[in-house]
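I opened this notebook to keep track of what I looked up, entry by entry.

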Amino acid sequence: MTEEKENKIRHELGRCLLGMGVYPNVVGYYNLICSVIYVVDCGNSYTSACSAYAYVGGQTGKSSASVERSIRTVIAKCENTHTLEKLNDFFGYEVYNNYTLSASELISLFAEKYIND
């Protein structure tokens, strides 16, 4: 992946997460963005999220479970504040309708947006 594409992903996902009330000081913020970049770099959204968790965990010295848990914490925070609906604005169509997203589903949603970009 080019540095330009990686920076674009970081910028756009950062804006989306900030709009949902998730700030860079939250561990899941970094882990989510890095997981999406990993999946996009692999070239398909079917890449196992588990391998993304392991990769990001290896980069940060954390376990795969810790990475996945931090992303689930971000999702739970957004569900509690009702800001996950902003995903629909980010994608331009309905991808969220008051149901619980898993961490791997969220990563795949974001990755699919950038794989063919």
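Before placing any residue, I noted that helices (H or I, at least four residues) and strands (E, at least two) are DSSP runs, numbered from the N terminus. By that reading, asparagine 31 is found in helix H2.

I also wrote down that this is a predicted model, in which local features need pLDDT of at least 70 and side-chain atom pairs count only at pLDDT 80 or more, while totals for chains, interfaces and linings use all residues. Residues are numbered from 1 along each chain as its sequence is written, and side-chain values use heavy atoms, with hydrogens and water left out.

**Entry: H2 and H4**

I looked up how helix H2 (residues 27-42) lies against helix H4 (residues 64-80), and found that they pack at an angle of about 110 degrees with their axes 8 Å apart. H2 is therefore roughly perpendicular to H4. For such angles, axes are lines fitted to C-alpha atoms, for helices over the stretch in contact, and the angles run from 0 to 180 degrees between N-to-C directions; under 35 degrees counts as roughly parallel, over 145 as roughly antiparallel, 65 to 115 as roughly perpendicular and the rest as oblique.

I then listed the residues in contact (heavy atoms within 4.5 Å): from H2 they are Val27, Gly28, Tyr29, Asn31, Leu32 and Ser35, which meet Val67, Ser70, Ile71 and Val74 in H4. The residues of this contact of H2 with H4 divide into six nonpolar, four polar and no charged, where Ala, Val, Leu, Ile, Met, Phe, Trp, Tyr, Cys and Pro count as nonpolar, Asp, Glu, Lys and Arg as charged, and the others, Gly among them, as polar.

**Entry: H2 and H3**

Turning to helix H3 (residues 49-60), I found that H2 and H3 pack at an angle of about 120 degrees, with their axes 9 Å apart. That makes H2 oblique to H3. On the H2 side the contact is made by Tyr30, Asn31, Cys34, Ser35, Tyr38 and Val39, and on the H3 side by Ser51, Ala52, Tyr53, Tyr55, Val56 and Thr60. Sorted by class, the residues of the contact of H2 with H3 are eight nonpolar, four polar and no charged.

**Entry: H3 and H4**

For the remaining pairing on my list, the axes of H3 and H4 come within 7 Å and cross at roughly 105 degrees. H3 and H4 are therefore roughly perpendicular to each other. Here Tyr53, Ala54, Val56 and Gly57 of H3 make the contact with Ser64, Val67, Glu68 and Ile71 of H4, and by class I noted five nonpolar, two polar and one charged residues.

Is asparagine 31 buried or exposed? I found asparagine 31 to be buried, with a relative accessible area of 5%; buried means under 20% relative accessible area, exposed over 50%, and partly exposed in between (1.4 Å probe, protein chains only). Leaving aside its neighbours within four places in sequence, asparagine 31 is in contact with Val56, Thr60, Val67, Ser70 and Ile71.

Asparagine 88, which I located in helix H5 (residues 86-91), counts as buried at 17% relative accessibility. Its side chain reaches the backbone nitrogen of tyrosine 96 at 2.9 Å.

Phenylalanine 90 also has its place in helix H5. The C-alpha atoms of phenylalanine 90 and asparagine 116 are 26 residues apart along the chain and separated by 16 Å.

Technical notes:
Polar contact = N/O pair within 3.5 Å; in protein donor to acceptor, adjacent residues only side chain to side chain.
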